[in-house]
Amino acid sequence: MKFSRHTRTAAAVAGAAAFALLAAGCSTGASSAEPASSDNPVTLTVTTFGTMGLGDLYKQYESDHPGITIEATNIDTGGNALTDWKTKQAAGSGLADVQAVEEGWLGQVMAVSDAFTDLGQYGAADIKDRWVSWKMDQATDPEGRVIGYGTDIGPVGLCYNKDLFKEAGLPTDRAEVASLLGGDNSTWADYFETGKKYKEATGNAWYDQSGFVWNSMVNQLPEGYYQADGTLDVEGNAALAERWGELAGGAAAGLSAGQTQWDWGKGKAFVDGSFATFVCPGWMLGVVQGQVEAAGGNADSGWDFADVFPGGATNWGGTFLTVPTQSKHPAEAAELAAWLTDAKAQVAAFQAAGTFPSVTAAQGDPGVSGSNALSKFFNDAPVGEILASRAEGVKAQYKGPNDSVIQEQVFGPATIALDKGTDGTTAWNDALATLKNLDLK
């Protein structure tokens with residue numbers, strides 16, 4: 001089960017020292033001792049994942065920077081990208097010149113932060129004010145080194161299928177849907193109770209699977225699996241246990257469709273009425289569109305986007321572009337990372353994939369707040385305005401060194417078990433047993 005794009009093992013820790021000592025290059029071309037030019041060509045490799053919306057920008061950068069060639073790799077999911085990163089950083093070779101890392105990995109990344117170039121050497125202080133402050137704070141290690149430039153953040157709203165709502169006798173207007181779920185005071189109890197009404201009216205599930213809902217519930221808390229001081233805090237955590245009980249109640253009521261994450265029957269579940277609501281951080285909007293279209297659907301398939309989320313503001317995901325110390329061209333790579341995260345580039349990425357900018361100037365740009373192809377797909381919803389609204393009140397949650405491992409290996413199987421009929425208490429106790437066996441810190 002992979003919650004990340006949008007997940008530190010003993011092997012990774014063991015390889016950290018070796019990684020810090022090795023500097024095997026992964027790009028070709030001239031040394032960074034001379035600036036790249038048509039007479040001194042440099043090839044930069046870039047590794048991203050999921051739907052980051054950067055693909056169309058590479059050709060423009062090459063055009064604007066003679067001598068630079070970009071070789072880009074995009075990995076399908078954040079979980080697979082994390083495995084790829086951990087394998088290569090432990091081996092001490094193979095990482096790209098510009099490496100995307102996700103917010104959920106930060107506990108692992110910061111444990112080996114000296115394996116990343118300090119972007120402060122390449123002008124980070126001159127552009128630090130372009131981002132929301134907490135994004136730059138996340139990318140700064142305890143020694144004050146800036147190891148990444150922020151791309152998107154992940155404020156979360158609710159995707160819903162207005163056609164399915166209509167069939168169930170529920171309101172379809174997005175403002176009315178927000179009110180139905182409690183508006184600014186929406187709670188998970190509101191969400192699950194409305195889901196029961198939908199289930200009673202249609203006989204169908206309310207949401208796709210329990211994993212994404214649980215991930216959102218955890219991210220929403222002031223502290224998740226770890227306390228802010230880095231202490232693991234799962235067993236005996238009353239806030240987590242309370243939310244688990246709510247989630248288990250929803251699954252027991254048949255509100256989950258039990259779908260496979262990142263698959264959804266090759267998108268079919270988005271067009272055949274399998275579920276009516278879906279957790280949508282900004283970057284997930286592009287995923288929804290892609291799934292619908294993969295299954296033969298289009299903008300007429302009924303999906304809309306509402307300015308509401310149970311329990312209030314939360315952030316899921318968001319990425320940073322880093323320059324591993326393995327790069328033979330750190331100056332050129334840092335310049336590319338800065339360019340790909342400026343306001344203009346973030347507006348373009350949003351229009352391509354719905355990735356909501358972490359750069360404040362981009363958030364207010366008409367290219368984000370106005371109409372675009374993505375908003376048209378979601379029934380002309382003002383996607384940028386809604387995401388800006390959902391970002392209000394977001395606070396970055398501390399992610400511990402094994403945060404993603406807990407999500408994937410501890411609560412991943414537990415949420416799947418809920419969807420298959422295991423009672424909440426049993427699934428919770430099984431999760432705690434798994435946590436103990438993994439001996440995570």
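This is a predicted model: local features need pLDDT of at least 70, side-chain atom pairs count only at pLDDT 80 or more; totals for chains, interfaces and linings use all residues.
Lys and Arg count here as positive and Asp and Glu as negative, while His and the chain ends are left out of the count. Each charge is placed at NZ of Lys, CZ of Arg, CG of Asp or CD of Glu.

Figure 1. Residues are numbered from 1 along each chain as its sequence is written, and side-chain values use heavy atoms, without hydrogens or water. The 28 positive and 53 negative charges of the protein have mean positions 4 Å apart. You can look for 20 helices and eight strands; these are DSSP runs numbered from the N terminus, helices being H or I with at least four residues and strands E with at least two. The C-alpha trace spans about 70 × 50 × 35 Å along its principal axes. Of the 441 residues, 56% count as buried, meaning under 20% relative accessible area with a 1.4 Å probe and protein chains only.

**Figure 2. The disulfide between cysteine 159 and cysteine 280.** The structure holds one disulfide, a term used for a pair of cysteine sulfur atoms within 2.5 Å. Here the sulfur atoms of cysteine 159 and cysteine 280 are 2.1 Å apart. The link is left-handed, with -110° about the S-S bond. It joins distant parts of the chain: cysteine 159 lies in strand S4 (residues 149-161) and cysteine 280 in strand S5 (residues 277-281), 121 residues apart. Cysteine 159 counts as buried because its relative accessibility is 0%, and cysteine 280 counts as buried because its value is 0%.

**Figure 3. Helix H12 within the structure.** Helix H12 covers residues 282-294, and ten of its 13 residues are buried, so the rest of the structure largely encloses this helix. Among the buried residues are Trp283, Met284, Leu285, Val287, Val288 and Val292. If you follow the side chains along the helix, here is a handy reminder. An α-helix has 3.6 residues a turn, so residues three or four places apart point the same way. After H12 comes glycine 296, with a positive phi near 90°.

**Figure 4. Leucine 95 and proline 324.** Leucine 95 sits in the loop between helix H3 (78-91) and strand S3 (98-102). Because its relative accessibility is 0%, leucine 95 counts as buried. Leucine 95 and proline 324 are 229 residues apart along the chain, yet their C-alpha atoms are separated by 7.0 Å.

Methods. Buried means under 20% relative accessible area, exposed over 50%, partly exposed in between (1.4 Å probe, protein chains only).
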